[in-house]
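Trainee: I would like to learn how to read a sheet and a helix packing from a model. Please take me through one case.

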Amino acid sequence: MQALPNLILVGPMGAGKSTIGRLLAAELSRDFLDSDHEIQARCGADIPWIFDVEGEAGFRQREAQMIEEITALEGVVIATGGGAVLREENRRRLRERGTVIYLFTTVEQQLKRVAKDRNRPLLQRGDREQLLREMFALRDPLYRATADIVVRTDRRSPRAVVGEIVRRVERLVDPLQAKA
């Protein structure tokens, strides 16, 4: 069987990209990189501060540079920020440099998962549910167009999601493999 490619997680905030990414990387004995955490480490500032000082456009530029850098690595698991798919250059890099997995979740589930999270600058200005619905309408088609695999995360344990991802990616790499 061929070696597994980079595995790149996309999806909305609250889909579980960081949690599932860490578990997936551990399962496969790979390094895990979270683009948002890498940006914060490089800047020495958190995402809300970057948004306050540089605006969303400044953050998106930093995000594009980070995606360029970390997708050039080999054999890693990457969690992207929810808005990474907004730029065509990011979508292209993600598709070209790994297997992209869309962690799908409903707006209702997102609301539960981010209810007390104050580290989400895009949710600090108005009705959270309405904002999440607007983001979903814009981003869901972009996630789907970028992804090789779509995996639903609602009401599932992170370990169950990781198991499904591993099985489905292995089938993509070796379609003749017996179905598990």
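Mentor: We take the sheet, then a pair of helices. Keep in mind that this is a predicted model.

Trainee: In what order do the strands of the open sheet lie, and how do they pair?

Mentor: Strand numbers follow the chain from the N terminus, and the order in the sheet is read separately. Here five strands form an open sheet ordered β2-β3-β1-β4-β5, and the pairing is parallel.

Trainee: Which strands stand at the edges?

Mentor: β2 (31-34) and β5 (149-152) do; each has a single partner strand, so one side of each lacks a neighbour in the sheet. From one strand to the next, the twist averages 20°.

Trainee: How many bridges join β1 and β3?

Mentor: Two strands count as paired from at least two bridges. Strand β1 (residues 7-10) and strand β3 (residues 76-79) have three, in the parallel sense. Within this pair, Leu 7 stands opposite Val 77 in β3.

Trainee: Now the helices. At roughly what angle do α2 and α3 cross?

Mentor: Angles of 65 to 115 degrees count as roughly perpendicular. The axes of α2 (residues 35-43) and α3 (residues 47-71) cross at roughly 115° and come within 9 Å. That angle makes α2 roughly perpendicular to α3. Their crossing is right-handed.

Trainee: Which residues of α2 and α3 meet?

Mentor: On the α2 side they include Ile 39, Arg 42 and Cys 43; the α3 residues they meet include Ile 47, Phe 59 and Met 66. By class, the contact of α2 with α3 has seven nonpolar, two polar and six charged residues.

Key. Residues are numbered from 1 along each chain as its sequence is written. This is a predicted model: local features need pLDDT of at least 70, side-chain atom pairs count only at pLDDT 80 or more; totals for chains, interfaces and linings use all residues. Side-chain values use heavy atoms; hydrogens and water are left out. Axes are lines fitted to C-alpha atoms, for helices over the stretch in contact, and angles run from 0 to 180 degrees between N-to-C directions. Helices (H or I, at least four residues) and strands (E, at least two) are DSSP runs, numbered from the N terminus. Angles under 35 degrees count as roughly parallel, over 145 as roughly antiparallel, 65 to 115 as roughly perpendicular and the rest as oblique. A crossing is left-handed if the near helix is turned anticlockwise from the far one by less than a right angle, and right-handed if clockwise. Contact means heavy atoms within 4.5 Å. Ala, Val, Leu, Ile, Met, Phe, Trp, Tyr, Cys and Pro count as nonpolar, Asp, Glu, Lys and Arg as charged, and the others, Gly among them, as polar.
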